[in-house]
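Visitor: Can you walk me through this one? I'd like to hear about pockets, strands and cores.

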Amino acid sequence: MRGQRSSDAGAVAPVVLVVADPRRRAGRTPWRRVLVGVVLAALVGGAAVATAGALVSQRTAEAFAVRDATADTAALARVVVEPALVDAIADPDATVAERAAARARLGDAVAGELRAGSAVRMKLWRADGTVIWSDEPRLVGDRFPLSDEDLEALRTDRSDAEVSDLDEPENRFERGSGPLLEAYQAVHTPSGEALLFEAYLPYDEVLERAADLRHAFAVLAFGTVAVVLGLLVPLLLWLLVRIRSGQRLRERLLGRALDAEAAERRRMAGELHDGPVQDVAGLALSLGAAPETRDAATTLRRAVSSLRTSMAAIRPAAPDRDGLGAALDDACARARAAGVTTTVHVPDAVEASPAALLAVVRFVREAVWNTVKHADATTVDVQVARDGDHLAVTVADDGSGFDPAVVAGPTRAGHLGTTLLREVAEDTGGSLLLRTAPGRGTTWELTVPTDVETLR
């Protein structure tokens, strides 16, 4: 029996056609999300600029420090160190006393710089890598290989600076002084011998300069972001208000158009009821009195029934005015006229927005009419229940059923009616399930949020 199929359909595994997603709701504009997104994007952009600025400031500070250290060391070498040099300081044939006097002379010349703390260590090298003077006496006489940069400075009389590698053995006495910047400059004895003068400068100045530049970049970046936001947010708010006002205006115009349409349909239904339907019904009564015209009277009564069914379609009950139950009864009128038994189960009071109630009526009307056209069913059962913040709508029939892959496949093939059912769920941000199989009836299950604002 067909009556058994509806219950069989409930045992069929459901096919999810539409997943609930409030973001799909028609007419909902995420104003707050748009505004927050713009502000966050601006802040992220400012943070990115500030981060890039911090990296750039570090490089810039190092470049400035190297440049300044190079210039300061070159000036110290030319103005203080070179005039204090005598040939004995680098002459291996000089006596111990002569070399000691030469070193003392140089030490006295640079003592002021060392006391001021502008340099942590000073060294004077011969081209073979021998330290011939230093403010650290334990280094004097030690020999270490010179780097290619040091040798290039000796040959070209060039000055330069770089971060000191304190792991090198010649720098063992500078360890514990923090990071240092070593600057070197070629100097010459009175006889013209080239020596390499090195000064080790505190790297704290580099770090302080980098911190100052980072602060300046951060202030510039976030100051720019603040100015942009100060100009952009009011403009954005104004645009959002204008867009929202335009949307509300369109909604009001649409509502008025629908009200005008409903009023016109009620007028047409009233004129049909008071005019042609009454006339034809009266004529059918008159003809039914005579045996020879009873067949014509029967035809006219069927015509009156058809006209009244059409009137119900022309003037459907409004769910927010006449109640959801009355509106669903009207939605099932065509099915009853086609000989399909329909039952509607709706709570006496359904608290939901007008848009949500209208979505339920649209869904039921389309699902029931699909059953009439395609399912070859004898009964249709419609149930509506409140489930938290949603309305749960079920339309089940005892018809022939079908393969759900027809409407659930990637191409979404099928009749226009199934597409309309899917669109109701998508427009409201609800979900849609289908339970069906060939010969086992069909059950549609829709959930609609009760706070839907509007429909397309």
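Visitor: How much space lies in the second largest pocket?
Guide: About 340 Å³. A pocket here is an open set of points on a 1 Å grid over the protein atoms alone, with protein on both sides within 12 Å along at least five of seven lines, and lining residues have an atom within 4 Å of a point. Points are joined across faces, edges and corners, and the volume is the space filled by probe spheres set on them. Keep in mind that this is a predicted model, where local features need pLDDT of at least 70 and side-chain atom pairs count only at 80 or more, while totals for chains, interfaces and linings use all residues. Residues are numbered from 1 along each chain as its sequence is written, and side-chain values use heavy atoms, with hydrogens and water left out.

Visitor: Which residues are closest to the centre of that pocket?
Guide: Of the 17 lining residues, Ala69, Asp72, Ser118, Leu201 and Glu205 are the closest.

Visitor: And which element gives the most to the lining?
Guide: Helix 2, with six residues. Strand 6 and helix 5 (204–288) also supply at least two each. Helices (H or I, at least four residues) and strands (E, at least two) are DSSP runs, numbered from the N terminus.

Visitor: Is strand 6 largely enclosed or open?
Guide: Largely enclosed by the rest of the structure, because seven of its nine residues (194–202) are buried. Buried means under 20% relative accessible area with a 1.4 Å probe, protein chains only.

Visitor: What does strand 6 pair with?
Guide: Strand 5 (residues 180–188) runs antiparallel to strand 6, joined by nine bridges, and strand 2 (residues 121–125) is antiparallel to it too, with five bridges. Strands pair if DSSP finds at least two bridges between them. Leu124 has Phe197 as its bridge partner, and His188 stands opposite Ala194.

Visitor: What's in the hairpin of strand 5 and strand 6?
Guide: Five residues lie between the strands, and Gly192 takes a positive phi near 100°.

Visitor: Switching topic: which residues have the most contacts inside the largest nonpolar core?
Guide: Phe363, Val364 and Leu432, in a core of 36 residues. A nonpolar core is a set of buried Ala, Val, Leu, Ile, Met, Phe, Trp, Tyr and Cys residues joined through side-chain atoms within 4.5 Å. Helix 10 gives the most, with 10 residues.

Visitor: What comes just after helix 10?
Guide: Asp376, with a positive phi of about 55°.

Notes: Buried means under 20% relative accessible area, exposed over 50%, partly exposed in between (1.4 Å probe, protein chains only). On a 1 Å grid over the protein atoms alone, a cavity is a set of points where a 1.4 Å probe fits but cannot get out, and a pocket is an open set with protein on both sides within 12 Å along at least five of seven lines; lining residues have an atom within 4 Å of a point.
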